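Here's a quick briefing to read with the model open beside you. Take the topics in any order you like.

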Amino acid sequence: MQLPDYKEARKRTREEIKKENYVINQNAINIGLNKTYHVKTYGCQMNEHDTENIEAMLEQLGFVKEDNQDKADLVILNTCSIRENAHNKAFGMLGRLKHLKEETNKDLVIGICGCMAQEEKVVNEIMKKYKFVNFVFGTHNLHRLPYILEEAFKSKKQVIEVFSKEGNIVEGIPVRRASKFKAYVNIMYGCDKFCTYCIVPYTRGKQRSRDKDDILREVKKLVEDGYKEVTLLGQNVNAYGKDFNSSYKMENLLEDVAKTGIERVRFMTSHPWDFTDEMIDVIKKYPNIMPSIHLPVQSGSSKVLKLMGRRYTKEEYITLFDKLRTIPNVSISTDIIVGFPSEDESDFNETLDLVNYCKFDNAYTFIFSPREGTPAEKFKDMTTLHEKEERLYKLNEIMNKYFLESNKKMVGKVVDVLVDGQSEKDGMLCGYTDTNKLINFTGDVDSIGKIVKVEVTDAKTWSLDGKQK
Ligand code: SAH
Ligand code: SF4
Ligand code: F3S
């Protein structure tokens, strides 16, 4: 048994990060024969991509995917810790699974992984109150799943293996991609920014960039396999390469990825601190780097930004924002937290001022959620939940107005759309524009997986309507 330890997770050492190759556990190779699996994913794209690895490892062991959770022999919850409600959702689901195991499927095997598995308190609770959970593994030992499963299937005991400290970068973990034409590619793991509210540096460990040759090999293979779009993933992609003091930075990687000829390159998430002018030049130079940038601001008050540990002021954010706006046809989205401890009405009004200036194309907005073990958990918070909810409502109202405005500007234009599939709306297709706007449109089913021209006919707050040209 190996349990998570928060003190260890907080540490950052100068130890060199090594690379190792994934090796399949030969003893586990038939464990999944005649069995089905279902993985439920919470949280960010990083977790979604981890699930693609988990599913491929399970299939190597003989398991077959089952879309209906209630019918699966093995259920894994890939969890997220970012806010309280992500926690609650996963624990709620555990309640359902307990019922399922007691009432209908006594042999059900249940596993928990992801960011919640890195939390000391969560694992202690699972050991005490959720004894029906068969195994727990963390974000640093995903590649060990076949070994953990071998133990879980053989022993009657709860198997817990969570490493507090990040290990090597593991290459060659198999992947079962959810799409045949859009792919996530990790370029870095972890985060060293330690924003005071955020749990990610504890659950994902030190920032480690992946070797550029491994990244480029993966992208070239995706091009060969007919993929149209890659999204380069990291908590803080602009800091790529900084951890190994390389002169090869994000702008160089972006350029090399664009040169592979893949039709669309996206990247996320960008922290304003590391966004360089050189990156902006590269984005302008390559038409296959999509003009869509997610640039979380979190707050429009420099006082609050300082308490958040974001390392930029409102003015610095706006200077960068203005530079990004020089990219032709660019769309810029953001994240905002309201109700951070000590945020008062005037700080909140500064956030509204910033939003009125930037007129973002899209945004995710949240009420501050204290996370155990982070500095902000201990900050004095005088604002009531009711006030915070009112701020969120007001903010969303203003932001929605700008989303609609930005969408309306597109009506009548013809845009490039990578077609994802059938839309939820009857008989329509859906996909994303180069600027990352969702569009539902009438068109040819054969276009799925292709980039096609679509004329925008109508605009809503969250999406566009159109017809294929
Ligand atoms: N690495 C990214 C963000 C990852 S988390 C970045 O730095 O921009 C995604 C978003 O969740 C954050 O941008 C933030 O707005 C929100 N978030 C993170 N921790 C939070 C917390 N404790 N309470 C509320 N929102 C939070
Ligand atoms: Fe969290 Fe800040 Fe790192 Fe983003 S940059 S993952 S918000 S600590
Ligand atoms: Fe959640 Fe972990 Fe991603 S906390 S947002 S799943 S990095």
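Just after H12, Lys 359 takes a positive phi of about 45°. Helices (H or I, at least four residues) and strands (E, at least two) are DSSP runs here, numbered from the N terminus. This is a predicted model, where local features need pLDDT of at least 70, side-chain atom pairs count only at pLDDT 80 or more, and totals for chains, interfaces and linings use all residues. Residues are numbered from 1 along each chain as its sequence is written, chains are lettered from A and ligands numbered from 1 in the order in which they are written, and side-chain values use heavy atoms, with hydrogens and water left out.

**Helix H12**
- H12 covers residues 345-358, and its 14 residues should span 20 Å at 1.5 Å a residue, which agrees with end C-alpha atoms 20 Å apart; the expected span is 1.5 Å times one less than the number of residues.
- Its buried residues are Asp 347, Phe 348, Thr 351, Leu 352, Leu 354, Val 355 and Cys 358; buried means under 20% relative accessible area, exposed over 50%, and partly exposed in between (1.4 Å probe, protein chains only).
- Looking down the axis of H12, those buried residues fall within an arc of 160°, so they line one face of the helix; the arc is that of the directions from the helix axis to the C-beta atoms.
- The cover over them includes helix H10 (302-308), helix H11 (314-324), strand S15 (331-338) and helix H13 (385-408), with contact meaning heavy atoms within 4.5 Å.

**Helix H3**
- H3 (residues 84-103) has 20 residues that should span 28 Å at 1.5 Å a residue, and its end C-alpha atoms are 29 Å apart, which agrees.
- Buried in H3 are Ala 86, His 87, Ala 90, Phe 91, Met 93, Leu 94, Leu 97, Leu 100 and Lys 101.
- Seen down the axis of H3, its buried residues keep within an arc of 165°, so they line one face of the helix.
- Over on the other side of H3, Lys 89 and Glu 103 are exposed.
- S2, S4, strand S5 (109-114) and helix H4 (120-129) are among what covers the buried residues of H3.

**Strand pairing**
- S2 (residues 36-41) and S3 (residues 64-65) pair in the parallel sense over 2 bridges; strands pair if DSSP finds at least two bridges between them.
- The chain gets from S2 to S3 through helix H2 (residues 45-60), and this β-α-β crossover is right-handed, which means that, with the strands pointing away from the viewer, the path from the first strand over the helix to the second runs clockwise.
- S2 also runs parallel to S4 (residues 74-79), joined by 5 bridges, and His 38 stands opposite Val 75 in S4.

**Nonpolar cores**
- The largest nonpolar core has 70 residues, and Leu 232, Met 250, Leu 254, Phe 267, Phe 275 and Phe 360 have the most contacts inside it; a core is a set of buried Ala, Val, Leu, Ile, Met, Phe, Trp, Tyr and Cys residues joined through side-chain atoms within 4.5 Å.
- H13 gives the most to this core, with 6 residues.

- Phe 135 is found in strand S6 and, at 0% relative accessibility, counts as buried.
- Glu 161 sits in strand S7 and is buried too, with a relative accessible area of 11%.
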